[in-house]
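This briefing sets out the main features of one protein model for a reader who has not seen it before. Please consult the sequence and structure shown below while reading the points that follow.

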Amino acid sequence: MLFDLDERKYVTVNRDHLLVNASRIKFDIYVRMTGDEKSRAVLLFGKETPPDEIVKILATKHFGEFCILDADYAKYWTLLKDSMKIIIADEHIPLDEKSLLVYECATETVKAVFEDPRSGENIKKTREVTNNIIDFALDNPDSIPSLLKLGSHDYYTFTHCVNVAVFAIGLFQCIGRGTENELRDFALGCILHDIGKTDIDEKILNKPGKLTDAEFDRIKKHPVLGVELMKGLVPDIALDVIMHHHEKFDGQGYPEGLTGDHISDNAKISAIADVYDALTTNRSYARARSPFEAALLMKEEMVSHFEQEKFIEFIHFLSGT
Ligand SMILES: [Fe+2]
């Protein structure tokens with residue numbers, strides 16, 4: 001929460017989140033005191049305080065909300081991102097709070113990679129956030145349903161990419177094929193599946209009305225454009241998902257029109273996750289459907305697009321979320 005006090009902007013922060021990696025805090029921490037008169041922010045410790053001293057101060061009981069200067073918020077987030085492994089393993093932090101941190105960290109990172117997809121540093125961070133989601137899912141079976149609850153009903157590229165990755169990770173685990181390393185490469189492909197759209201004119205991507213054939217042909221290039229962008233930056237398992245997440249079991253998909261077993265299991269799982277998330281979020285041409293409505297529509301109108309066995313697994317997985 002952002003607020004103004006004494007002509008400075010502060011933002012409230014969570015003490016438990018600060019405690020997980022307290023020795024690395026490099027910014028001032030204040031406590032917001034609310035008394036009979038007016039609120040004030042009291043400096044609890046400065047950024048130069050020795051790490052062991054910081055841990056001692058934070059562990060002591062305090063009254064009032066913890067806050068930092070808004071100007072230090074980026075530093076706070078960097079600390080959280082770097083501490084995600086510890087946060088996931090920390091039993092004192094409730095599941096829903098962990099979910100929110102993992103989810104927000106992932107969407108922020110995807111935003112950055114879409115702004116600069118050729119940055120090796122951004123790809124490295126994207127791998128870290130998909131690994132966070134997987135570590136979280138492996139740590140607690142309730143993590144994936146908790147993360148899925150956070151998905152927005154409105155469509156944004158970044159949340160769509162994260163939702164598809166979360167859903168696909170859950171489905172991959174449910175179907176139970178592939179090693180943990182394959183799951184990590186697969187999840188990277190899922191979170192980057194639409195990265196090729198960064199090479200497509202936004203006017204086409206955001207066009208509210210019906211697309212012309214030429215515009216639709218351009219959109220259908222995004223898997224190939226994505227692979228061109230990511231070649232050499234991500235492993236082959238991830239490239240396969242980027243290239244083939246729009247292939248359909250009956251051969252009606254794109255870009256290659258592959259059929260049946262010519263499509264990898266990973267690409268088939270990513271296609272189910274992609275379609276399901278698209279149906280359950282609001283789009284310019286359709287309202288968000290409930291999970292049940294989406295599954296019914298997929299069964300009644302698209303069943304030939306998916307491998308039967310995987311579609312059944314998807315229904316099982318959905319009923320458990
Ligand atoms: Fe796509």
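The C-alpha centres of domain 1 and domain 2 lie 37 Å apart. Domain 1 covers residues 2-73 and domain 2 covers residues 83-319, with bounds that come from an automatic or database domain assignment. This is a predicted model, in which local features need pLDDT of at least 70 and side-chain atom pairs count only at pLDDT 80 or more, while totals for chains, interfaces and linings use all residues. Residues are numbered from 1 along each chain as its sequence is written.

**Domains and overall form**

- Four residues of domain 1 are in contact with six residues of domain 2; two residues are in contact if their C-beta atoms, placed from the backbone, lie within 7 Å.
- The side of domain 1 that touches domain 2 has one nonpolar, two polar and one charged residues. In this classification Ala, Val, Leu, Ile, Met, Phe, Trp, Tyr, Cys and Pro count as nonpolar, Asp, Glu, Lys and Arg as charged, and the others, Gly among them, as polar.
- The C-alpha trace of the protein spans about 70 × 40 × 40 Å along its principal axes.
- The protein has 16 helices and five strands; helices (H or I, at least four residues) and strands (E, at least two) are DSSP runs, numbered from the N terminus.
- Of the contacts in the protein with a separation of 6 or more, 69% are between residues 24 or more positions apart.

**Burial and nonpolar cores**

- Of the 321 residues in the protein, 35% are buried. A residue is buried if 20 or more other C-beta atoms lie within 10 Å of its own, exposed if 12 or fewer, and partly exposed in between, with C-beta atoms placed from the backbone.
- The largest nonpolar core has 60 residues, and those with the most contacts inside it are I133, A165, A168, I169 and A187. Helix α8 gives the most to this core, with ten residues.
- A nonpolar core is a set of buried Ala, Val, Leu, Ile, Met, Phe, Trp, Tyr and Cys residues joined through C-beta atoms within 7 Å.
- Another core, of 13 residues, lies apart from the largest one and includes V13, I25, I68 and Y76.
- Leaving aside neighbours within four places in sequence, A187 is in contact with T130, I133, I134, A165, A168 and I169.

- In helix α7 (residues 143-150), the buried residues are S143, I144, S146 and L147. They lie on the same side of α7 because they cover an arc of only 160° around the axis, the arc being that of the directions from the helix axis to the C-beta atoms.
- The cover over the buried residues of α7 includes α5 (95-115), α6 (120-139) and α8 (157-175).
- Helix α13 (residues 236-244) is mostly covered, with seven of its nine residues buried. The buried residues of α13 pack against α9 (180-191), α12 (222-230) and α14 (265-279).

**Residue N122**

- N122 is in helix α6, and N122 is partly exposed because 19 other C-beta atoms lie within 10 Å.
- Apart from neighbours within four places in sequence, N122 is in contact with A112, V113 and D116.

**Strand pairing**

- Strands β3 (residues 29-33) and β4 (residues 40-45) run antiparallel and are joined by five bridges; two strands pair if DSSP finds at least two bridges between them.
- Strand β3 also pairs with β5 (residues 65-69), in the antiparallel sense over three bridges.
- R32 stands opposite A41 in β4, and the bridge partner of R32 in β5 is E65.
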